[in-house]
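Here are some notes to go with the structure, written for someone who likes to check angles and distances in a viewer.

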Amino acid sequence: MRKQKTLSAIFSVFKYAMLIMAALVALIPVCVCVLTAFKTTEEYNNTSVLDLPESFLNFENFTEAFRVANMMRGFLNTALVLVVVLTASVFIGAMLAYVLNRFKFKGNGLIQNLFMFAALIPGIATQVTVYQIMYSLGLINHLYGYMIVLMGTDIISIYIFLQFFENLPVSLDESAIVDGSTYFGVFFKILFPLLKPAIVTSLVLKGVGVYNEYYMANLYLQKDELKTISTALYKFTGPYGNQYNYICAGVLITIIPIFILFLIFQKQVYGGMAAGAVKG
């Protein structure tokens, strides 16, 4: 009995130690970013990253980052990309999942396995080929070309919708078809409204990925007027050093919109993620 209590105490200490360590790993970079954002260039060069700034009322870095990096243009470009890509991804993923789940044909299983295989391939491993295709089609330095690339890499959403379709009875389709509905009517009028939890889950996962996407935005959108919010802060990097106080200020600015949206829709976010976890 005493041995069991000792093991339980050791396990508890280890558990809480790991939780504290994980919390520190997650929070220290955020704290450093916040502290650095309020430091002047002289302060940043002469103090430790964990030293407090002289004043938390110094917003010069924020205004300078917003102006020099043209972050308003970055926000507008990102908002446009988000609306188009998320809308298209939801409809494409849901319709593909509908076809693969409801219609049994030769090669159905092979197609699903190919999607899984494609999901296992690192995206950066295919960028040489994708870049050549984009260049040949004249899609580089165009927002619509960047949107097409993002729409074509949404395999996870397809599997999310597939899992939800598994839990929607086929009798719904059959009843609607008996009443004279077409397959399009079955999908858009009956099944699609029932996919709300899957849609929320897909929007959350895809939206965060698109908002934070840097590599392809930097590769395919090289003109200043096409910069997204993730690449706008590239203005403060250079061969002679990086202006991290401005970069950190810009990072905090980019967090504000997504943080506000999260506070507004947190109930739907948690509900969609939980539903996505238990379905299937």
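**Notes on the fold and its helix contacts**

1. Let me begin with the contact pattern: in the protein chain, residues 24 or more positions apart account for 71% of the contacts with a separation of 6 or more. Please keep in mind throughout that this is a predicted model.

2. The secondary structure is quick to describe. The protein chain has 14 helices and 0 strands. Read along the sequence, its pattern is α-α-α-α-α-α-α-α-α-α-α-α-α-α.

3. On overall dimensions, the radius of gyration of the protein chain is 24 Å, whereas a compact globule of 280 residues would be near 19 Å. Taken along the principal axes, the C-alpha atoms fill a box of roughly 75 × 75 × 35 Å. As for burial, 35% of the 280 residues count as buried.

4. A handy pair for a distance check is Ala-9 and Phe-91. They are 82 residues apart along the chain, and their C-alpha atoms are separated by 51 Å. Ala-9 belongs to helix α1, which covers residues 2-37.

5. Helix α8 spans residues 155-165, and it packs against α4 at an angle of about 50° with the axes 8 Å apart. That angle makes α4 oblique to α8. The crossing of α4 past α8 is right-handed.

6. Which residues bring α4 and α8 together? From α4 come Val-90, Gly-93, Ala-94, Leu-96, Ala-97, Tyr-98, Leu-100, Asn-101 and Arg-102, and these meet Ile-158, Phe-161, Leu-162 and Phe-165 in α8. By residue class, the contact of α4 with α8 divides into 10 nonpolar, 2 polar and 1 charged.

7. Another pair worth a look is α9 with α10. Helix α9 (residues 171-178) and helix α10 (residues 183-191) have axes that come within 10 Å and cross at roughly 125°. The two helices are therefore oblique to each other. Here too the handedness is given: α9 passes α10 in a right-handed crossing.

8. The α9 side of this contact consists of Leu-172, Asp-173, Ala-176 and Ile-177, which meet Tyr-183, Val-186, Ile-190 and Leu-191 in α10. The residues of the contact divide into 7 nonpolar, no polar and 1 charged.

9. If you go through the backbone torsions, please stop at Asn-70. This residue is not a glycine, yet its phi is positive, about 50°. Asn-70 sits in the loop between α3 (60-68) and α4 (71-102). With a relative accessibility of 41%, Asn-70 counts as partly exposed.

10. Asn-141 has a phi near 65°, a positive value in a residue other than glycine. Where is Asn-141 placed? It lies in the loop between α6 (127-137) and α7 (143-151). The relative accessible area of Asn-141 is 18%, so this residue is buried, the cut-off for buried being under 20%.

Technical notes
Residues are numbered from 1 along each chain as its sequence is written. This is a predicted model: local features need pLDDT of at least 70, side-chain atom pairs count only at pLDDT 80 or more; totals for chains, interfaces and linings use all residues. Side-chain values use heavy atoms; hydrogens and water are left out. Axes are lines fitted to C-alpha atoms, for helices over the stretch in contact, and angles run from 0 to 180 degrees between N-to-C directions. Helices (H or I, at least four residues) and strands (E, at least two) are DSSP runs, numbered from the N terminus. Angles under 35 degrees count as roughly parallel, over 145 as roughly antiparallel, 65 to 115 as roughly perpendicular and the rest as oblique. A crossing is left-handed if the near helix is turned anticlockwise from the far one by less than a right angle, and right-handed if clockwise. Contact means heavy atoms within 4.5 Å. Ala, Val, Leu, Ile, Met, Phe, Trp, Tyr, Cys and Pro count as nonpolar, Asp, Glu, Lys and Arg as charged, and the others, Gly among them, as polar. The radius of gyration is taken over C-alpha atoms; the globule rule is 2.2 Å times the number of residues to the power 0.38. Buried means under 20% relative accessible area, exposed over 50%, partly exposed in between (1.4 Å probe, protein chains only).
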